[in-house]
Amino acid sequence: MLQTKPPTPRTEPVPHAEGVSNEEFRAALSRLAAGVVLVTAQEPPLDADGRGEDVGMTATAFMSVSLDPPLVMVSLRNDSRMDDLLAEQPLWAVSVLAESQRHIAGRFAMRGRISDRLLFEDIPYVRGEVTGAPLAGGALATLECRTEQRVVAGDHTLVIGRVLSAHVPSGDGGPLTYFRGKYRQLG
């Protein structure tokens with residue numbers, strides 16, 4: 001297993017290349033369609049008798065990295081709740097959302113949202129056998145992962161995880177995608 005010491009995060013903003021504004025960069029990359037996933041993990045319990053709180057976030061920057069060994073990567077905004085949690089908790093899970101799960105994606109993408117405990121309240125899920133993290137019911141696929149490496153890249157951290165389990169619980173429906181700033185369906 002490759003272990004690297006994470007670099008010290010930059011305190012000053014990294015300037016864009018001359019001639020590329022934030023708006024131009026965002027507009028150009030909004031033309032890249034992306035799949036939508038729910039990334040989940042469980043906070044470590046505060047005491048020996050308790051269970052930690054479930055945490056979740058919507059991500060579109062998720063990809064396969066390697067087949068052998070099976071590795072995936074998710075990009076997390078630096079200092080976000082999920083980034084902070086996965087810095088201390090190596091086990092996490094991914095649910096590949098179906099087109100019918102737009103409400104889940106929107107709920108876990110909200111800024112200034114209510115507590116994660118309430119977000120999970122009426123969403124059907126099962127606990128991953130390996131990670132204990134919530135796996136969304138009705139997802140097209142689910143993966144349970146263990147962090148192998150964290151790479152700070154600008155204002156995000158790339159978390160590379162070894163896939164510990166992979167399941168395809170639902171064959172129905174198409175994937176939920178994100179294109180030009182909106183959730184979309186294929187076809």
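Reply: Of the contacts in the chain with a separation of 6 or more, 64% are between residues 24 or more positions apart; a contact means heavy atoms within 4.5 Å. This is a predicted model, in which local features need pLDDT of at least 70 and side-chain atom pairs count only at pLDDT 80 or more, while totals for chains, interfaces and linings use all residues. Residues are numbered from 1 along each chain as its sequence is written, and side-chain values use heavy atoms, with hydrogens and water left out.

The chain has 187 residues, and 37% of them count as buried, that is, under 20% relative accessible area with a 1.4 Å probe and protein chains only, where over 50% is exposed and anything in between is partly exposed. Four helices and twelve strands are found; these are DSSP runs numbered from the N terminus, with at least four residues (H or I) for a helix and at least two (E) for a strand.

Now the core itself. A nonpolar core is a set of buried Ala, Val, Leu, Ile, Met, Phe, Trp, Tyr and Cys residues joined through side-chain atoms within 4.5 Å. The largest one holds 18 residues, and those touching the most other members are Val39, Val74, Leu76, Met82, Leu86 and Trp92. Among the elements that give two or more residues to this core are strand S2 (37-42), strand S5 (71-77), helix H2 (81-88) and strand S10 (156-167). In soluble globular proteins, nonpolar side chains tend to be buried together.

Leaving aside residues up to four places away in sequence, leucine 76 touches Met57, Met82, Asp83, Leu86, Asp155, His156, Thr157 and Val159.

The aromatic rings can be taken next. Three aromatic pairs turn up in the whole structure; rings of Phe, Tyr and Trp (its six-membered ring) pair if their centres lie within 6.5 Å, and planes under 30 degrees apart count as stacked, over 60 as edge-to-face and the rest as tilted. Phenylalanine 120 and tyrosine 125 make an edge-to-face pair, 5.7 Å centre to centre with 70° between the planes. Phenylalanine 120 counts as buried at 6% relative accessibility, whereas tyrosine 125 is partly exposed at 32%. Ring pairs also link Phe108 with these two residues into a cluster.
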